[in-house]
Amino acid sequence: MRILSGIQPSGRLHLGNYLGMMQPAIQLQDEGEAYYFIADYHSLTTTTDPEALRSYSKDLALDFLACGLDPGKAVFFRQSDVPEVTELAWMLSCVTPMGLLERCHSFKDKTSRGIAASHGLFAYPVLMAADILIYDSDLVPVGQDQKQHLEVTRDIAQKFNDRYGDGLLKLPTPRIRSETAAVPGLDGQKMSKSYGNTIDLFEPEKALRKKIMRIVTDSTPVEAPKDPDGSYIVQLYQLFATAEETAALKDQFRAGGRGYGDFKQILFEKIRDHFAGIRESRLELENQPWKAEEVLHHGAHKARSVARMTMERIRAAVGF
Ligand code: TYM
């Protein structure tokens, strides 16, 4: 089974990225041949400063490795080190109806937030389809916000196969973990950089605490019982805690006598402790920058050889 996913280097990673995609992807690296990449071609749709892009890519590599991506198990590479993917994207473009892309939420969302409506932004899902299809991927671990892109990928693959030959491209299946499909941010909306409600992965301890203290709560007084089910504190806590720990926290909510500040402190400690080892690994990797470069170099070599083989088959099929 081949597992594939990508993440854009467009700034600091947050808990939504971590829980929605990185953690499941890292778990899946034991279950098949995993291919994970830094989606830097995609980032060109929003990141216009070359130095920023270089630095985000470098940071993302260190972050993913620190979180547990094991280069002995998974192929880890930069999307732009495999330029064949843009050739496939062009071929897929030629079977993709405009209407399919016009229906995509992410284009509408991004342009409504003021991002330039470039052709690249519009065609973004086609490049994403090429990413997935060029590696004959079976399974794609992502968050809920990528579900439509996976549907588009399947549609495009089917159209391509209808035109050029059955079974030419493999139809992938999304893997969306229900508990972390849409991780809430500080205000309860989906955690997203564009909503300004994120908790970053490698937030320094003080800043992390400050952010967590900003989580939106209601005005129930300290003594009164509180409803755990609607609380964003509980929603985040349960993503890091065991079922027993979550049940215990919920009991404390219902019992009353403790304020939201106390519960936020408990959440802060949980998240801080979860990332303690990961922070250490991140520091070690930072001090040996050549290691990440080496991993990406090997990854690119491996990914590119697979992509080239696919393109031989596809080029012949379209009549080149
Ligand atoms: P990107 O970089 O926006 O996000 C990376 C991953 O993080 C997930 N995610 C979340 N999951 C749960 N809750 C949240 N609040 C949350 N916020 C972000 C996203 O769902 C995603 O899985 N188009 C992709 C990158 C990409 C790709 C691919 C992915 C390019 N080619 C091929 C898979 C396969 C993107 O922009 O992800």
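Which residues do ring pairs link into a cluster? I found Tyr35, Phe37, Phe77 and Tyr135 joined in this way. Rings of Phe, Tyr and Trp (its six-membered ring) pair if their centres lie within 6.5 Å; planes under 30 degrees apart count as stacked, over 60 as edge-to-face and the rest as tilted. By this rule I get eleven aromatic pairs.

A note on the source before going further. I am reading a predicted model, where local features need pLDDT of at least 70, side-chain atom pairs count only at pLDDT 80 or more, and totals for chains, interfaces and linings use all residues. Residues are numbered from 1 along each chain as its sequence is written, and side-chain values use heavy atoms, with hydrogens and water left out.

**Entry: charges over rings**

I looked for charges over rings, meaning NZ of Lys or CZ of Arg within 6 Å of the ring centre and within 35 degrees of the ring normal. Lys226 lies over the face of Tyr260, 5.7 Å from the ring centre.

**Entry: helix α12**

Tyr260 also took me to α12, residues 260-274. Helices (H or I, at least four residues) and strands (E, at least two) are DSSP runs, numbered from the N terminus. The 15 residues of α12 reach 21 Å from the first C-alpha to the last, close to the 21 Å expected at 1.5 Å a residue; the expected span is 1.5 Å times one less than the number of residues.

Buried means under 20% relative accessible area, exposed over 50%, and partly exposed in between (1.4 Å probe, protein chains only). In α12 the buried residues are Tyr260, Phe263, Lys264, Leu267, Phe268 and Ile271. They sit on the same side of α12, because they cover an arc of only 145 degrees around the axis; the arc is that of the directions from the helix axis to the C-beta atoms. Their cover includes α1, α9, α10 and α11.

Next I checked Arg2, which is in strand β1 (residues 2-7). Is Arg2 buried or exposed? Arg2 counts as buried, because its relative accessibility is 16%. A polar atom of its side chain lies 3.0 Å from the backbone oxygen of Tyr135. Contact means heavy atoms within 4.5 Å, and Arg2 touches residues including Glu33, Tyr35, Asp136 and Val306.

Asp136 lies in the loop between α7 (119-134) and β4 (139-141). I noted its phi near 50 degrees, a positive value in a residue other than glycine. Among the residues that Asp136 touches are Arg2, Lys170 and Arg313.

The side chains of Asp136 and Arg313 make a polar contact at 3.0 Å. Such a contact is a pair of N or O atoms within 3.5 Å; within protein, one must be able to donate a hydrogen and the other to accept it, and residues adjacent in sequence count only if both atoms are side-chain atoms. Arg313 is in helix α14 (residues 289-318) and is partly exposed, with a relative accessible area of 31%. Its side chain also reaches the backbone oxygen of Leu168 at 2.8 Å.

**Entry: helix α8**

Last, I turned to α8, residues 147-164. Its buried residues include His149, Val152, Ile156 and Phe160. Just after α8, Gly165 takes a positive phi of about 145 degrees.

Terms used:
Lists of a residue's contacts leave out its neighbours within four places in sequence.
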